[in-house]
Amino acid sequence: MIKWKRICPLTDIPQRGSRVVSGPDHDDIAIFRSGDDQLFAVHDKCPHKGGPLSQGIVHGHQVTCPLHSWKIELTSGNAVAPDVGCTQPFAVRLEDGVVWLAI
Amino acid sequence: MDKMKLVLVGNGMAGVRTLEELLKIAPDMYDITVFGAEPHPNYNRILLSPVLAGEMTVQDIILNDHSWYADNGIRLHTGKRITQIDRRARKVVAEDGTEAEYDRLLLATGSTPFILPVPGADLPGVVAYRDIADTQAMIEASQSRMHAVVIGAGLLGLEAANGLILRGMQVHVIHLAEWIMERQLDRTAAGLLQKSLEAKGMQFHMGAQTAELVRGESGRVCAVRLKSGESIPADLVVMAAGIRPNASLAEQAGLYCNRGVVVNDTLQTYDPRIYAVGECANHRGTAYGLVAPLFEQAKVAANHLAMYGIGRYLGSVTSTKLKVTGIDVFSAGNFSGGEGCEDLILSDPGIGVYKRVVLKDDHIVGAVMIGDTADGPRMFQMIRDNQNVAEIRDHLLFGNSNLGDVGHKGENQAAKLPDSTEICGCNGVCKGTIVKTIKEKGLFTLEEVRKHTKASSSCGSCTGLVEQILASCVGGAYTPADSTTKPVCACTEHAHGEVRKAIREQHLTSMPAVMQTLGWKTPDGCATCRPALNYYLISTWPHEAQDDPQSRFVNERAHANIQKDGSYSVVPRMWGGLTTPAELRAIADAAEKYQVPTIKVTGGQRIDLLGVKKTDLPKIWADFADAGMVSGHAYGKSLRTVKTCVGAEHCRFGTQRSMEMGVKLEKMLFGMWSPHKVKLAVSGCPRNCAEAGIKDVGVIGVDSGYELYVAGNGGIKTEVAEFFCKVGSDEEVMEYSGAFLQLYREEGYYLERTVHFVHRVGLDYVKSKVVEDGANRKALFERLLFALQDYKDPWAERGVRDGEAGLRAAFENIPA
Ligand code: SRM
Ligand SMILES: Cc1cc2nc3c(=O)[nH]c(=O)nc-3n(C[C@H](O)[C@H](O)[C@H](O)COP(=O)(O)OP(=O)(O)OC[C@H]3O[C@@H](n4cnc5c(N)ncnc54)[C@H](O)[C@@H]3O)c2cc1C
Ligand code: SF4
Ligand code: FES
């Protein structure tokens, strides 16, 4: 069952940056905050060779993987063409300045 | 508001490319209608030759299929020739009466083949070579007939002749001039080419004038009679005697034409609502007949249609490559020389190699190559960059001095390599894959090939090979990007040089200011431009512009090198490669405490701890800081190492105290950010045990002082450093090398190593600024010292700045 979990205050995630949520029941999940203050969450695992997407440069609503520069759409987790692949997206929301994640 | 109406007449390569460029930047601005006289959607005309040769099919060369037009909401009328432009009513009318109104009209009607005005030119069996219909007519003829005559031994004629031979016909080529491809080749080159084409079975008649095409009994052409009286049997005659810009439609509409529709630098005709691009247009007196310049025009026209209005088309230098499999021909610029020109020639008829480079005032103005065209793209780039070659002219013809022109394995002549050859060693991409992708996806540029195949997208050492493969697939349609005008990335039209200039001259100190002033197309850039802008800002306005960590690659944010498994490597500085028992003990302790799996001595004379967990980074730094050790910046576009040899301190040959000199340099430059990484070395004598000859700055001690070398590189493509100057004292070593590096910091483009910077601007220029102009040298050196002033070790600094909570936020995960 999907459960909403309280993660952290928004201010703990830098603009154009990310935080990683880890736990025993799931792989690491990266939460991104874009330049226009929207939130996104995807598995912290690049569809190419598993690079940690959380460590990439965030631009627009995309992140560039730090290992071999694939670009990933943060909304869908899809790689930007011509690369092909997908990393699982998760629902996130902001409530009173606090970030919640659906796991 | 209703959308504006845009009508394109001519559904060919230039017109549709303009639409593609337009849709990229202003997808919703126009309601678009396209008229094409041919019954096909837009296809890659230059690949008609491989179709004729049986290497590809018509289906393979379609660039935009019907669904592309539909997906982009474009109304497409194929098989409809426009016969009238009514400029007053602002509409166009087709042969069959179909009409379309326009607010903007784009003419891209291409060329018409020139048909010799000789008796019999209209007989069945006589074709031109321009479109799919012509190609199909030739293929059909080849299936039932024997004798073909091609009139004209230019690029098109030879490609036609080659295709027909491969389809089993006997082919005679008639040419009016004294040698073949006389507009692209000099006599010697043409002679060599002719020989190799004759070996394929082509028979040539030079200086031959066609008198008549003779009608056979069936009513079809049966022979070509020459002025000399000679008669050559022919069931198929291909007219490839040249093309004329197709401007008749424009002319009828009263637009000013003169060997093409005359356009200005924004590709507008004398009626500003009407644009013209491609072979039908005449820009500053030239109507181009190759794809590369047409694509440049398309980009400018699209920008103007989208009302960006920044781009201007200033004309192109073109290059040619014959697309006959197995034969390498390259030609660019002015190859015939003339007043004030010098010729460099290498000729080896024995192996069929001929290279000629034409120089004027130490700049390359033209080049012709046969047999070995590996250096073609490089020459072309030097022409376009207007590079001064005084320093390298003695080995220009021997090639091999450019990044990747031969690949790692010394291979060249890409056209001849088998499909299974691995071209890109980093990504494991073979030649066959590259060729297939270029053709199927209709790629024209190196960037596109990198994107779609990954070849040449990592270390870049195979770039030259990939360029050659591209050139052999698309011929003259390939233009190497010239480094001075190439945009930083897809977010902007501006090149690195322009961005640097704007930041300096308009005193821009923040990224939003730069993006706004220069009209960035994306809200916050991308992973290519942001690191570059961040560097330009902090290097131009030290202590004033704010460093933006989110615009730095992860390594520079984490002050460590990310590994394939997401862990990090940590390299503490060992000044000049020197260390102490205490430092070694601290490293050993840290390695045990944080369970570092691998400890390695690096090629840069220090010790690397590999496989450190991200969460341990702040702790390991704190331990090193306690031991008095600082970050080695093994991760940064910054000062890396200063290698030294033992020198006069111990060595029996040493003339100077190289360890001491090296430590002084490294301490001086600690914390220096630069366009790319910077490495130095100091050797105590010319035996050069510190390998100073392949460093960005190399210092070699001699009895009377030091020799300085700059712009060496030991990486992807080994480049020997060039002698810079000789100095007498340690202080001078610091001042001269500091000033050189500051010039690089101020004028280099992001990710350009010193060797590429010096190649671009010329060593003479660098010397004039640093060696010859003492006042400027001192000013540069002072600016460097100012920028480095108060630099704090990032390992120690991070803890102080972020505090414990900040460090946790940056380096630790949140437990769910
Ligand atoms: C650790 C080290 C190899 C070793 O074990 O010896 C090393 C490791 C890496 N090198 Fe190197 N280079 C190392 C010495 C060199 C040297 C030799 C030297 O410095 O004397 C060279 C050739 C000299 C030169 O640069 O001119 C060298 C030429 C490169 C290049 C090619 C640069 C070029 O412009 O051609 C790259 C790729 C790049 O920077 O874009 C590179 C990139 C890398 C990276 C950073 C790749 C990356 O981006 O992740 C490697 C990090 C591995 C890792 O996972 O931590 N490394 N690398 C050496 C560290 C030296 C140090 O103490 O700082
Ligand atoms: C066999 C061959 C090989 C070539 N090889 C190379 C090469 O290796 N490298 C290179 O750079 N270039 C090469 N070229 C040249 C290159 O194809 C042209 O420069 C390029 O196609 C010109 O583009 P364009 O849009 O101006 O004209 P085109 O691509 O010719 O498009 C013009 C279109 O407009 C249509 N048209 C004309 N008048 C009307 C009208 N009144 N109404 C409606 N439609 C109309 C035509 O039917 C045509 O489809 C080659 C050309 C040929 C024929
Ligand atoms: S350390 Fe250098 S040479 Fe070795 S694999 Fe990494 S980048 Fe390549
Ligand atoms: S692992 Fe992300 S691009 Fe290779």
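**Ligand 1.** I began with the polar atoms around ligand 1, and found one of its oxygen atoms 3.5 Å from a polar backbone atom of B:Gly715. The polar contacts I list here are pairs of N or O atoms within 3.5 Å; within protein, one must be able to donate a hydrogen and the other to accept it, and residues adjacent in sequence count only if both atoms are side-chain atoms. The side chain of B:Arg606 places a polar atom 2.7 Å from an oxygen atom of ligand 1, and an N or O atom in the side chain of B:Gln563 is 2.9 Å from an oxygen atom of the ligand. I take helices (H or I, at least four residues) and strands (E, at least two) as DSSP runs, numbered from the N terminus.

I then listed the surroundings of ligand 1: 22 residues, the closest being B:Thr602, B:Gly603, B:Arg606, B:Lys677 and B:Gly714. A residue is near a molecule or strand if one of its heavy atoms lies within 4 Å of it. By class, this shell has three nonpolar, 11 polar and eight charged residues. The classes put Ala, Val, Leu, Ile, Met, Phe, Trp, Tyr, Cys and Pro as nonpolar, Asp, Glu, Lys and Arg as charged, and the others, Gly among them, as polar.

**Ground rules.** I noted that this is a predicted model, in which local features need pLDDT of at least 70 and side-chain atom pairs count only at pLDDT 80 or more, while totals for chains, interfaces and linings use all residues. Residues are numbered from 1 along each chain as its sequence is written, chains are lettered from A and ligands numbered from 1 in the order in which they are written, and side-chain values use heavy atoms, with hydrogens and water left out.

**Strand β32.** Is β32(B) buried or exposed? Six of the six residues of this strand (639-644) are buried, so the rest of the structure largely encloses β32(B). Buried means under 20% relative accessible area, exposed over 50%, and partly exposed in between (1.4 Å probe, protein chains only). β32(B) runs parallel to β33 (residues 678-683) of chain B, joined by four bridges; strands pair if DSSP finds at least two bridges between them. I checked one bridge: B:Lys643 has B:Ala681 in β33(B) as its partner. The chain passes from β32(B) through helix α19 (residues 658-669) of chain B to β33(B), a left-handed β-α-β crossover.

**Ligand 2.** Which residues are closest to ligand 2? They are B:Ala14, B:Glu38, B:Arg130, B:Glu279 and B:Lys323, out of 35 that surround it. In the shell I find 15 nonpolar, 13 polar and seven charged residues. α1(B) gives the most to this shell, with three residues. The side chain of B:Arg45 has an N or O atom 2.8 Å from an oxygen atom of ligand 2, and a polar backbone atom of B:Ala37 is 2.9 Å from a nitrogen atom of the ligand. The protein covers 95% of the 990 Å² of accessible area that ligand 2 has on its own (Shrake-Rupley method, 1.4 Å probe; for residues, only the protein chains shown count as cover).

**B:Asp696.** I looked up this residue in the loop between β33 and β34 (697-702) of chain B. B:Asp696 has 0% relative accessibility, so it counts as buried. Its side chain makes polar contacts with the side chains of B:Thr754 at 2.5 Å and B:Arg753 at 3.1 Å.

Most residues other than glycine have a negative phi, and most peptide bonds are trans. The bond from A:Ala81 to A:Pro82 is cis, with omega near 5°. B:Asp362 has a positive phi near 65°, and B:His507 has one near 50°. I find B:His507 in the loop between α13 (496-505) and α14 (511-517) of chain B.

Definitions and conventions: Right-handed = clockwise from strand over helix to strand, strands pointing away.
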